[in-house]
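Here is a short report on one protein model. Please look at the sheet and its surroundings.

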Amino acid sequence: MVASNLIEVVAARKIEAAPATVFGAWLDPVQAAKFLFATEHGQVVRAEVDYHKPAVLGDEVEVTVEPLQLRRVRFTLAQKVYRCSDSTKLVSAQITVACLTPDGRITAVPSGLVAALSPDLPGNT
């Protein structure tokens, strides 16, 4: 499921919402873009989400993220969600984020993010 050359990053996010709200957000692409894929660097401008198998309350999941494309003002990430108990792929998604200033104007992808994403882009070694 996970390639051996990947770096493991563990992230936790506490969401102040009822479980039904969180799970329901996965079913509405607009809510998923705003609620589940929000970033500090910008606004989600495209979210493609494919649901492969259902999760159930209490499932422990693993989320992988791979950079796919990096442009001057936006970047695209591939995300996959697996159930830990049996490695079943539950969800795959491609998320494109446009970078914005605090007042909402388009801006370049921050240099630190460029440095973090660039080595893992397809075609780079």
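In which strand is V63 found? V63 is found in strand β2. This is a predicted model, where local features need pLDDT of at least 70, side-chain atom pairs count only at pLDDT 80 or more, and totals for chains, interfaces and linings use all residues. Residues are numbered from 1 along each chain as its sequence is written, and side-chain values use heavy atoms, with hydrogens and water left out.

**The sheet**

Four strands form an open sheet in the order β1-β4-β3-β2, with antiparallel pairing. β1 and β2 (61–70) are the edge strands, each pairing on one side only. On average, neighbouring strands are turned by 20° against each other, direction ignored. Axes here are lines fitted to C-alpha atoms, and angles run from 0 to 180 degrees between N-to-C directions. Strands are DSSP runs of E with at least two residues, and helices are runs of H or I with at least four, numbered from the N terminus. Two strands pair if DSSP finds at least two bridges between them.

Two of the pairings are hairpins.

| Hairpin | Bridges | Residues between |
|---|---|---|
| β2 and β3 | 9 bridges | 3 residues |
| β3 and β4 | 9 bridges | 5 residues |

P67 has L77 in β3 as its bridge partner. V81 is bridged to V91 in β4.

S87 lies in the loop between β3 and β4. Its phi is near 60°, a positive value in a residue other than glycine. Most residues other than glycine have a negative phi. S87 is partly exposed, with a relative accessible area of 37%. Buried means under 20% relative accessible area, exposed over 50%, and partly exposed in between (1.4 Å probe, protein chains only).

β3 is mostly covered, with 8 of its 10 residues buried. The largest nonpolar core has 14 residues, and F75, V91 and L113 are among those with the most contacts inside it. β1 (42–51), β3 (74–83), β4 (89–99) and α3 (111–117) each supply at least two of its residues. β4 gives the most, with 6 residues. Such a core is a set of buried Ala, Val, Leu, Ile, Met, Phe, Trp, Tyr and Cys residues joined through side-chain atoms within 4.5 Å.

V63 counts as partly exposed, at 49% relative accessibility. V61, V63 and V65 form a nonpolar surface patch with about 230 Å² of accessible area together. Residues in such a patch have over 30% relative accessible area and no salt bridge, and nonpolar side chains (Val, Leu, Ile, Met, Phe, Trp, Tyr) are joined within 5 Å. A salt bridge is a side-chain nitrogen of Lys or Arg within 4 Å of a carboxyl oxygen of Asp or Glu. Accessible areas come from the Shrake-Rupley method with a 1.4 Å probe.

Definitions and conventions. Patch = residues over 30% accessible without salt bridge, like charges linked within 9 Å, V, L, I, M, F, W, Y side chains within 5 Å.
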